[in-house]
Amino acid sequence: MSETPSTTDPYEFLKIKLNPDGASLTRNYQVPSVPPCPIVEPHAPPEEQQAISKDLPLNPATNTSLRLYLPHPPPPSKIPLLIYIHGGGFILYHPSTIFFHYSCNSLSASLPAVVASVDYRLAPEHRLPAAYDDAIDAIKWAQAQAQNPAQSDPWLRDYVDFDKTFLMGSSAGGNIVYFAGLRALDLDLSPLNIRGILMNAPYFSGTQRSNSELRWVNDRILPLPANDLMWALSLPEGADRDHEYCNPTAADAVHGEKIGRLPMCFVNGYGGDPLVDKQRELAGLLKARGVHVDAHFVDDGFHAVELFDPEKAKALREKIKGFIHAATSKSTL
C-alpha cells in the first residue's frame, strides 16, 4: 500500500505553534481543564462524580504533580493502586484535562482503585526520556508512601494495598508505562509490587509506514502528519522514528531478554486506529519474550474512542477490571 499525501497542516490540527526559540510550544487548548473534586457535589450526574480527587506535588525540582482519586464512598477493604499516565502525543494535556479527569474518576469508582494520575513534563520543552523519568518518580513516590505509613497520605495509607500496584497509560501514556515498566525491573521497589502494565491504544510508530497508518492517513483523530510532528517534537534531538522509544522492534532489540521479565501486560486496540498495527506488533513481541499478554483488538473504534463513546469506555473498564482480577489472583508473577 503506497502513501497518499495528506493536506493536513499538523500545527493547525493540533492547535499548537512552535515558538521562535524552536524548543517550546504555544498550546491553544480547545479542551477545558477542571479542578479536583475533594467533596461529592450533591447535584452532579453519577457518571461525573463517582470519586473524590485532590492534587499533590510529586517532584518540586521538575514541577510535576499527581491528581489522586479515591472511590466514594471509600471501600471497606484495601484496593489496588493504579498509576495512570495520560495521552496527548507527549506534547499535550494534563490530568486536569476534562476527559482524562472524568476517565480517571470513573476508573477509580468502577474498579475500584485509588488512581494516581501523573502530570508529567511535556515535549518539546522536555523531550523523551523526561516523561519516563517522571513516571519513575511516581513509582518511587508510591513506594515511599508504602514504606512510611505514618507520613503517607491518608488516602493511600488507609485504602491502598501496595502489593496490588498497576501501571496504566493511554496512547502516549501507554508508551510511557511500557518504558517505565522496563526501568522498574532494575529497582528494588519493596514493599510495592507492580502486578501488571496496562497499555490502552499505546503510541508507537516507525519510519516504515504500517498498513494501518497508510489506510488511515487522513484519520480525523490522528492524521499521519500530526503523528509525525508529535514524534519529531518528542524524540531525542536527531532521532528518527526507528528510535527505541518509538519503534517496538527497535526496543525489542535494545532490551532483549529483559522484556521477558515484565509482569502481565494488557494491550487494547481498535481497528480504526492508525497505530493498531504497531500495537499488534508490540503485543506479539511481548508474547514472543514469554510475557503473559492479555490482548484485546476489535475491528471497530478509533484512537482514544473511549474518551468520546460511553459504551466503549464501559467496555474498556470491564476489560481492565478482568485483567486486574486475574493479575491479583496469581500468587506469583
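P129 is found in the loop between strand 6 and helix 3. Helices (H or I, at least four residues) and strands (E, at least two) are DSSP runs, numbered from the N terminus. The peptide bond that leads from L128 into P129 is cis, with omega near 20°. This is a predicted model, where local features need pLDDT of at least 70, side-chain atom pairs count only at pLDDT 80 or more, and totals for chains, interfaces and linings use all residues. Residues are numbered from 1 along each chain as its sequence is written, and side-chain values use heavy atoms, with hydrogens and water left out.

P112 sits in the loop between helix 2 and strand 6. Most residues other than glycine have a negative phi, and most peptide bonds are trans. Two residues carry a positive phi. F90 has a phi of about 70° although it is not a glycine. The loop between strand 5 and helix 2 holds F90. F90 is buried, with a relative accessible area of 2%. Buried means under 20% relative accessible area, exposed over 50%, and partly exposed in between (1.4 Å probe, protein chains only). S171 is not a glycine either, and its phi is near 55°. S171 lies in the loop between strand 7 and helix 5 (172–184). At 12% relative accessibility, S171 counts as buried.

Now take helix 2. The expected span of a helix is 1.5 Å times one less than its number of residues. For the 13 residues of helix 2 (residues 98–110) that gives 18 Å, and the end C-alpha atoms are 18 Å apart, which agrees. Its buried residues are F99, F100, H101, C104, N105, S106, L107 and S108. An α-helix has 3.6 residues a turn, so residues three or four places apart point the same way. The buried residues of helix 2 pack against strand 3 (51–59), strand 4 (64–71), strand 5 (79–85), strand 6 (114–119), strand 7 (160–170) and helix 10 (310–329).

Strand 6 contains A116. A116 is buried, with a relative accessible area of 0%. Contact means heavy atoms within 4.5 Å. Leaving aside neighbours within four places in sequence, A116 is in contact with L66, R67, L68, L81, L82, I83, Y84 and W141.

Strand 3 holds D55. D55 is partly exposed, with a relative accessible area of 41%. Not counting residues up to four places away in sequence, D55 touches P36, L66 and R67. C37 is 18 residues from D55 along the chain, and their C-alpha atoms are separated by 9.5 Å.

Next comes the nonpolar core. A nonpolar core is a set of buried Ala, Val, Leu, Ile, Met, Phe, Trp, Tyr and Cys residues joined through side-chain atoms within 4.5 Å. The largest one has 97 residues, of which I139, Y178, L262 and L286 touch the most other members. Helix 3 (residues 130–147) gives the largest share of this core, nine residues. In soluble globular proteins, nonpolar side chains tend to be buried together. Beyond its neighbours within four places in sequence, Y178 is in contact with M199, F204, A251, I259, L262, L282 and L286.

Helix 8 (residues 248–255) and helix 9 (residues 276–288) pack at an angle of about 25°, with their axes 9 Å apart. Axes are lines fitted to C-alpha atoms, for helices over the stretch in contact, and angles run from 0 to 180 degrees between N-to-C directions. Helix 8 and helix 9 are therefore roughly parallel to each other. Angles under 35 degrees count as roughly parallel, over 145 as roughly antiparallel, 65 to 115 as roughly perpendicular and the rest as oblique. At this contact, P248, T249 and D252 in helix 8 meet K278, E281, L282 and L285 in helix 9.

S205 is found in the loop between strand 8 (194–200) and helix 6 (211–215). At 0% relative accessibility, S205 counts as buried. Leaving aside neighbours within four places in sequence, S205 is in contact with E213, N227, W231, R241, C246, N247, P248 and K278. S205 and D242 are 37 residues apart in sequence and 7.8 Å apart in space, C-alpha to C-alpha.
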